[in-house]
Amino acid sequence: MMKKGVVRWSKRLARFLVSRVLRCGPIPKHVAFIMDGNRRWAERRRMMRQEGHAYGFLQLKECLKWCLDLGIKVVTVYAFSLENFKRSAVEVETIMKLAEEKLNELAEERGFLDRHGIKVQHVKAAACRAMKVSEHHEQAVLNICIAYTSREEMLRAVANMAEAVEDGTLKPDDVTDELFSESLYTRPVSQVDLLVRTSGETRLSDFLLWQSACACVQFQPVLWPDFSLWHLASAILQYQRSFSDLQATRRRSELNGREQEEDRSVSVRKAEYLKRLEDRRKSFILRHAPPMTAGEQHGSKEHE
Amino acid sequence: MKSIKSLLCWVTSLALYPVWVAVHVIFELQKRAMFLRSAKGPFLQVTSTSSSCDVGKGGRTAGHVLLALNDASFTLPRHVEHEMVKLKSCIRWAFASGARIISVYNMHGWLEGAKESLMTALQEEDFGITTVLIGENGRPVGWIRGGTFREGRWDAKNGEECGAIFFDDLDSGKQRLIQCARELCQDVKESKEPCQRINAGDIEEHLHKKSRCCNQKCFAQISLRTSLSLDGHTCLLVEHTSDKNSASAVGCLDTPPSATSCSCSVRLPEPEMAISFGPAFILPDYNPWQTRLTEFFEGGELKRVKLADLEAILLRFSSSEVRVGK
């Protein structure tokens, strides 16, 4: 019993020291994870694939704690792609049930979300409850991409802008890099600073294609359930070493996209369009989230 | 309590700062040691494309390779000249590995001032296959066969294998997608298209490079690796290795005197492999719509790239598997 306590405290101390060392340098604001390798991990251990996904989720929880310790403000994770629907019906159903169960758990763990000020957002309607419960938090953001592809996201952004042009809210020339980024699901912090993919694959697989341009990337050979604090630390160190080149690349990229200073009328149109997008998102959450429990309502009022 | 905690964190950070510096120094020393170890290896010299690389035979090959140049450090003309020699070798290596479309995308713009020189330097190369140089806006500059560069009409033999080198402008990146979005919004405004019907096909249609070539449609479903003559205009077609049943027209080399507006577009397939050259491994801001399944590899600094590095990349690429969600 005492030995377990010592081990636990040692791990906490190691985590604290590693995060303090890393925080001496620049920390990425937005980190994206492609959590690949759950099934292969399960196969190597002769376990069911569903167990691999369950372990993967536990690993995600640990990883989020490390990110909080490091001061990373936004974390985006690729939980399930639209392409993954090609998998067997049993596996898809298991993953969706797991996502639903864990997101409900997350919504119930108000303490954790409140303590760290985490706002949960995700790009498909599966956890509106978690989103509703955490909508007032500002300190950190967790984006969970379920049934998501980047092309669909970009297409949706173009369609939204086109709709705004059709009804006169925007003009075609109002479409800029910045407005496009604000129209994506990951707004307001779209630009990814560090992208980590596990299992050794070296492609993005239709994940955050727009947002991860000019991002530092780390393809790590480890499978996701084996992803440890040291792997994350090595990725952050690599980011810190590439920081000056990253800044230079982004400055160049921004120079290419820079438009002339926009006048007031353009800003007003854009603000109206973005407000409409935000209202639409909020009404979607309200429509799909189950009614809040008394405890959740009380928590929200306290925060207000 | 909070202030004590933050004071403790601050003091710990100050005490651990030397550790952070030491870790970075160790990383840097490790990197230099690796460079020195490999310095004795063969420099990048690929002399022939007639025989494909042995590495990766039997595995996947990339039909379209993207060379992303991401080094902000060199701006002097002598740096550029040195890099051009390496770049030519990389292009030659890419053709030898089986690629038939090479895109050179420069993220920092150093290639802008050197594009003419690079084009001139490439015109003296013999890549072993007829190669077309495509410059701004997808317009063919000319073609090279046996180390001789020619402009104008290309009398290709039926079934002749050919390749293409694209010099992608800085606006090949996100700006192209923004331009496409603006054009679609304009179409919606002019009621050419209702916004609800915008689909992925519309975006792809607008993303194709437009080239002022001729007033005839230049591409059609034909067999691979052939050139096509339509109404006396010779079109270049390049093999699209990932899709065996179709070919993509790259452009027209022969513009008739009566040419008016263009109805021809250059349909560039998605790059299967992208090699990012630069001191840091940064994802290029190449057209995000087209990098969905692209395999990204770190090439390191262009001035230090070795043949062994590129062969290792090819080996990794050939052994990778694309499951597409399954």
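1. Chain B contains six helices and 13 strands. The model is a predicted one, and the points below should be read with that in mind. Of the 326 residues in chain B, 54% are buried.

2. One lysine in chain B deserves a comment. B:K86 lies in helix α2 of chain B, which covers residues 77-96. B:K86 counts as buried because its relative accessibility is 9%, and the cut-off for buried is under 20%. The side chain of B:K86 reaches the backbone oxygen of B:V305, at a distance of 3.4 Å.

3. The interface of chain A and chain B involves 61 residues of chain A, in contact with 62 residues of chain B. Together the two chains bury about 5500 Å², and carbon and sulfur atoms account for 63% of that area. Three arginines of chain A stand out here: A:R151, A:R203 and A:R241 supply 14% of the area that chain A buries against chain B, more than any other three residues.

4. Between chain A and chain B, 16 residue pairs are in polar contact, counting pairs with both residues at pLDDT 80 or more.

5. Several elements of chain A give two or more residues to the side that touches chain B: α1 (2-22), α2 (38-44), α7 (150-166), α8 (177-182), β6 (216-219), α9 and α10 (243-257). With 10 residues, α7(A) gives the most to this side of chain A. By class, the side of chain A that touches chain B is made up of 27 nonpolar, 15 polar and 19 charged residues.

6. Helix α9 of chain A, residues 229-241, is among the elements that give two or more residues to the side touching chain B. This helix has 13 residues and spans 18 Å from its first C-alpha to its last, close to the 18 Å expected at 1.5 Å a residue. Its buried residues are A:L229, A:L232, A:A233, A:A235, A:I236, A:L237, A:Y239 and A:Q240.

Note on methods:
Residues are numbered from 1 along each chain as its sequence is written. Chains are lettered from A and ligands numbered from 1 in the order in which they are written. This is a predicted model: local features need pLDDT of at least 70, side-chain atom pairs count only at pLDDT 80 or more; totals for chains, interfaces and linings use all residues. Side-chain values use heavy atoms; hydrogens and water are left out. Helices (H or I, at least four residues) and strands (E, at least two) are DSSP runs, numbered from the N terminus. The expected span of a helix is 1.5 Å times one less than its number of residues. Buried means under 20% relative accessible area, exposed over 50%, partly exposed in between (1.4 Å probe, protein chains only). Contact means heavy atoms within 4.5 Å. Buried area is the accessible area (1.4 Å probe) that two parts lose on being put together, summed over both. A polar contact is a pair of N or O atoms within 3.5 Å; within protein, one must be able to donate a hydrogen and the other to accept it, and residues adjacent in sequence count only if both atoms are side-chain atoms. Ala, Val, Leu, Ile, Met, Phe, Trp, Tyr, Cys and Pro count as nonpolar, Asp, Glu, Lys and Arg as charged, and the others, Gly among them, as polar.
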